Amino acid sequence: MISTIKTLVFGSLLHFCLTLDYIIFGVENSPPLETLRRSFAKIGNNDDTINYFTVNDASHVVDLDKLCSLLVNKRKSVPVVLDTGHVSTQMARLLTKLLNIPLITLAATLSEQIELPRVKGNFVVTIQSPSDVQGLAMRDLVSNMNITDAAILYDDSYYTLDTSADLLLVDLPVKYLALRLGSTVYRKPNATEAVETAESQFQTLASLSIRNFIIFAHPLTVCPILRAVENLGMFTRRFSWTIFSKVRQLPNCKVEEAQFLYAGADLKKTFLTDDKQLSLSDTMNPVDIAFWNQAANSVVDVFRSTTAKGSTKLPWNSDVCSTGNFSAAPAEAKKMVDEFSEKMAKDKSFERSNDSDHLFQVGMSMILERYSISDGKINKEEVGEWSNNEWVAEDETNFTVYGAALIYRVVVVEQAPFVVKVESKNGTATFEGYCIDLLKELQERLGFEYEVYESPDGLYGSLAENGSWSGMIKEVMEKKADIALGALSVTAERETVIDFTIPYYDLVGITILMKKPIIPTSLFKFLTVLENEVWGCILGAYFLTSSILWLFDRFSPYSYTNDPERYVDDEEKRKFNIKESLWFCMTSLTPQGGGEAPKHLSGRLVSATWWLFAFIIVSSYTANLAAFLTVSRLETPVKSLDDLVTQYKIKYAPLEGSSAMAYFERMAGIENRFYEIWKNLSFDESMPESERSELAVWDYPVSDKYTKMWQTIQDNQMPINISEAVDRVRDMSPDGHGFAFLGDATDIRYLVMQNCDLVMVGEEFSRRPYALAVQDGSPLKDRLNEAILKLLNLRRLESLKDKWWTENPSKAKCPPEASTSEGISIENIGGVFIVIFVGIILSIIVLIIEYIYYKYYHKEDGDDAEYAASASTTVATPSDKTKNNDWNSKIMKDEIYPVTAW
């Protein structure tokens, strides 16, 4: 069996010592080996023999056959192995177990320390070294601080941690890494290279989202570590730094700004020796030197007293190592281990653990101090003490306050109402909006802090041709941000590099934002129904018809004017002079009618012609007036995406780097791919002619709608942000040339709500949800998912929607939009009231003129005035034949109202 493990490569130093016949086993020239050499030189006697079994530090090769022979051949008594607990000694422990030899280990791995109390009847006595005790103290401190991640770093002075560093926080809910500090950092307090190495290591760990750093270091190693952390600016609340060292006093490292915890070993007086040569050096610190000296003295004293009654040789043959024929352990071995443990329990330098009779630890306490360095001035306070295997806080302080604050960096893109940037008078900027309120709700439930900053390029993030990402996606990918917050759409490309939470907002599609058409209003809108030429022709026809009526009445022998005796018995008698002709034609255009028609046939034909003309004109005008006003209110150049594609006056584009841009680009790519597939099939000469003929068509079988749109979008130059897009939409020329913005429906609805001159056009398409983005594989995703589900169940997200959309105080108060169900507005029909007012004013003026004329010019000629009044009424009822003949004769002679007067 031994032959199968004959030669092994060991990671570092090994130490074995046998009492009485001593074998000191270790790495050549190692500090612990040299310390043991000096210790055994002081406590040895003439009866003891000392043998050194060493390995080379470069090769780490051990011949186990030789070791086995050394353990079992020609021994004076039962050998006891003294082990320093390095990882390389695990095979040696296996050998001692096979040989059933008592084992004294000065540093067992953590897994062994956990298992030792459970093993009954074993021959192992464990004495934990100062490094192991500090490891246990660290484990308890981490548990009290309630942290969830940690990086454990140690230098060469904590070489025994190699066996247990990976298990220091096992069974605790902590994500952690255990690493050795860079070799150039160790004990080089003033070396620039040491600081640079530490900086590189800390930056790498910080990129892994580790916020709590625990360092086991030699006092001379602490200084370059502190300077490296200060240079990186990592002494903030986002990070926690705890340093364990084996000396109480921290050297002056000349650091200007720092905050950290320092746990220094405070050895009990019974452990320390009076050796004045034990001082801080580059090889060993006083704690380790005192431990090795005291361990050597205690072990030798205990075993000398244990074996003084007599010695027992091992009952094995010399060929046991080659045959592997091991016998049961002698009773003396078990008895020796029990006696050793009882006597070690009386040694004041060591304390027995409560978990096992064979488990001891160095009598050691630690003081936990909080260092606050500002402008080079050191301020420290004691916050706890390690005693009786537990931490006791000063003033019942909760250790959780010393852990790194859970601060997430949140990257946003300003886009109202999701994220709105508010600048105060002093120049500081804060953020508010729907997403910020959502972040506060998550903070309340998950208990974290956050720092919000804007995306450097102001973009959400898109994939470039060279494979790089931009915007918020880039920030999350490069671990500069923990959360991407905003109106961020979930897309397949983005999910390949980051993780999305469950959606916090409903499905949102793409729609069109345009400038609301300006409906021109005019008080005389009713006059614009007909063109000016038509109005001119109507006016000309009016005057022409009126003149013809007057002429026909003047010259027709059958008119009432020329032959009044013919119509003496008619009830209505009317002379069509110029005034009456104009009045007749005007009133014929209204439902009131023109009154008494001419008596002669020629005049009636003219009247009938005018009535037919008036009927057609009035009917056409009335029918077209309402339609004209309605069409002008509803006229919109673009009503859908298809309308936008088929016209050329209005340019269109989405935001650069937005999900809308990615949609059009992807759709164009899909169309091109379909085209290539169809083309390859059509020109594939390997296909049968009959199959190729089925693919031969005159028209392209796949639509190229999005291909043309994507080309147009690229030519139109996409806006960078919403503000630029809105400015371009508003910049519409009177001839209809303008810009249409293609964006998310929620953003466009908010813009329409804030701006009365904008309108959303068309139905939504390409609907996708909004979600938060986190780093790929981040455990934060599950925590956020759980919190968002709770908010959805409590309907808190609906309340936020109402707050920022329905009840938004900045919502613009726009005038109600006109609809087909509403009547004609006063702005378009108010001109008719102006006509009434003008007519009334003119009538008043005419009345004044009539009054003045009558008073000053017709007063002297009363008869003429009386006759004129009678004539103006066109009603003649004389009382006798004579008077009537005289009146008619005067009219025929043009003595009353001569024609020239009109």
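Which residue in S20 does glutamate 423 stand opposite? I looked this up first in the model, which is predicted. Glutamate 423 faces alanine 429 in S20.

**Entry: the S19/S20 hairpin**

I then checked the strands themselves. S19 covers residues 420-423 and S20 covers residues 429-432. The two run antiparallel and are joined by four bridges. Together S19 and S20 make a hairpin, with five residues between the strands. In the turn I noted glycine 427, whose phi is positive at about 95 degrees.

**Entry: salt bridges**

How many salt bridges does the structure hold? I find 18 in the structure. I went through some of them.

One of these pairs arginine 409 with glutamate 451, and their closest N and O atoms are 3.4 Å apart. I looked up accessibility for both partners. Arginine 409 has a relative accessible area of 27%, so I list this residue as partly exposed. Glutamate 451 is also listed as partly exposed, because its relative accessibility is 32%.

Next I took arginine 749 and glutamate 764, which form a salt bridge with the closest N and O atoms 2.3 Å apart. The two residues are 15 apart in the chain and again link distant parts of it: arginine 749 lies in helix H22 (residues 745-754), glutamate 764 in strand S27 (residues 758-770). Arginine 749 is partly exposed at 37% relative accessibility. Glutamate 764 is partly exposed too, with a relative accessible area of 25%.

I also checked aspartate 704 and lysine 708. Their salt bridge has its closest N and O atoms 3.7 Å apart. Aspartate 704 comes out as partly exposed, at a relative accessible area of 31%. For lysine 708 the value is 49%, and this residue too counts as partly exposed; the exposed class needs over 50%.

Which residues are linked with Arg445 in a network of salt bridges? I find Glu441 and Arg796 in that network.

**Entry: asparagine 785**

Is asparagine 785 buried or exposed? I get a relative accessibility of 13% for asparagine 785, and the cut-off for buried is under 20%, so this residue counts as buried. Asparagine 785 sits in helix H23, which spans residues 780-793. I then listed its contacts, leaving out residues up to four places away in sequence. Asparagine 785 touches Thr501 and Ile502.

Note on methods:
Residues numbered from 1 in each chain as written. Predicted model: local features only at pLDDT ≥ 70, side-chain atom pairs only at ≥ 80, totals over all residues. Heavy atoms only, no water. Buried < 20%, exposed > 50% of the residue type's maximum accessible area, 1.4 Å probe, protein only. Contact = heavy atoms within 4.5 Å. Pairing = 2+ DSSP bridges. Salt bridge = Lys/Arg side-chain N within 4 Å of Asp/Glu carboxyl O.
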